[in-house]
Amino acid sequence: MLKALSMTLAAAVVAVGGSLAGAGSANAATTGSASAQAAQSAQSANGRSICYHAHVQDIGWQNFVACNGAIAGTTGQAKSIEALTFATAGTGGLCVRAHVANVGWQSWVCGGDGQDLTVGTTGQNRAIEAVEIQISTGQVAAQAHVRNIGWQSAVAGYDIVVGTTGQNLPIEAIAAAV
């Protein structure tokens, strides 16, 4: 499944002119600017990267930061992602917002390259059901693993949405690339 996911995401990124060179995850601390530091060090051959860090139900912040197509979150454990931190390098920055269970769409959070942007909630037991990402330059590709659905098809563009709304189905894992 992971190979199929990587191939699907890689095809979507290549279709929009990107690359998954250097895909993988980086070990980083769970506080401070872990995602921003990982994004800087994970720049792919095209000089761009996106990294993300997941806060997972009953786990908390995962002990790694995923970058450039790697998976953050869990599959097969029925554990919702409750918060996500994103950071980019070489993209001019991004804006992100989350659709949270029993809340709806949160306000946009925007920042330049090297800034950690966090959406969702912690300590409230509220699942993220969808994520919208807008990239400043170029395009972003992403896909989500949604409870009772599995991996959705990868989507790519300047402004993308992964997950669902109005169905009460949490995102359990996510992968993104620029």
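Residues are numbered from 1 along each chain as its sequence is written, and side-chain values use heavy atoms, with hydrogens and water left out. Because this is a predicted model, local features need pLDDT of at least 70 and side-chain atom pairs count only at pLDDT 80 or more, while totals for chains, interfaces and linings use all residues.

Let us begin with confidence. The protein chain has an average pLDDT (the predictor's confidence in each residue, from 0 to 100) of 83, and 75% of the residues score at least 70. Over residues 1–32, pLDDT stays under 50, and for this stretch the model has 63 contacts beyond four places in sequence; a contact means heavy atoms within 4.5 Å.

Now to the overall make-up. The protein chain contains two helices and 16 strands, where helices (H or I, at least four residues) and strands (E, at least two) are DSSP runs numbered from the N terminus. Of contacts in the protein chain between residues at least 6 apart in sequence, 64% join residues at least 24 apart. Of its 178 residues, 54% are buried; buried means under 20% relative accessible area, exposed over 50%, and partly exposed in between (1.4 Å probe, protein chains only). The accessible surface comes to about 7200 Å², with 47% of it belonging to carbon and sulfur atoms; these areas come from the Shrake-Rupley method with a 1.4 Å probe, and for residues only the protein chains shown count as cover.

Next, the charged pairs. Side chains of opposite charge can pair when their charged atoms come close. With a salt bridge taken as a side-chain nitrogen of Lys or Arg within 4 Å of a carboxyl oxygen of Asp or Glu, the count comes to three.

One of them joins Asp-58 and Lys-79, at 3.6 Å from N to O. Asp-58 sits in the loop between strand 2 (49–56) and strand 3 (60–61), and Lys-79 in the loop between strand 5 (72–73) and strand 6 (81–89), 21 residues apart. Asp-58 counts as exposed because its relative accessibility is 67%.

Another salt bridge pairs Arg-97 with Glu-132 at 2.8 Å, N to O. Here strand 7 (residues 94–100) supplies Arg-97 and strand 11 (residues 128–135) supplies Glu-132, 35 residues apart. Both Arg-97 and Glu-132 are buried.

Finally, Glu-172 and Arg-147 meet at 2.6 Å, N to O. Glu-172 belongs to strand 16 (residues 171–177) and Arg-147 to the loop between strand 12 (140–146) and strand 13 (150–151), so this pair ties together parts 25 residues apart in sequence. Glu-172 counts as buried because its relative accessibility is 4%, whereas Arg-147, at 22%, counts as partly exposed.
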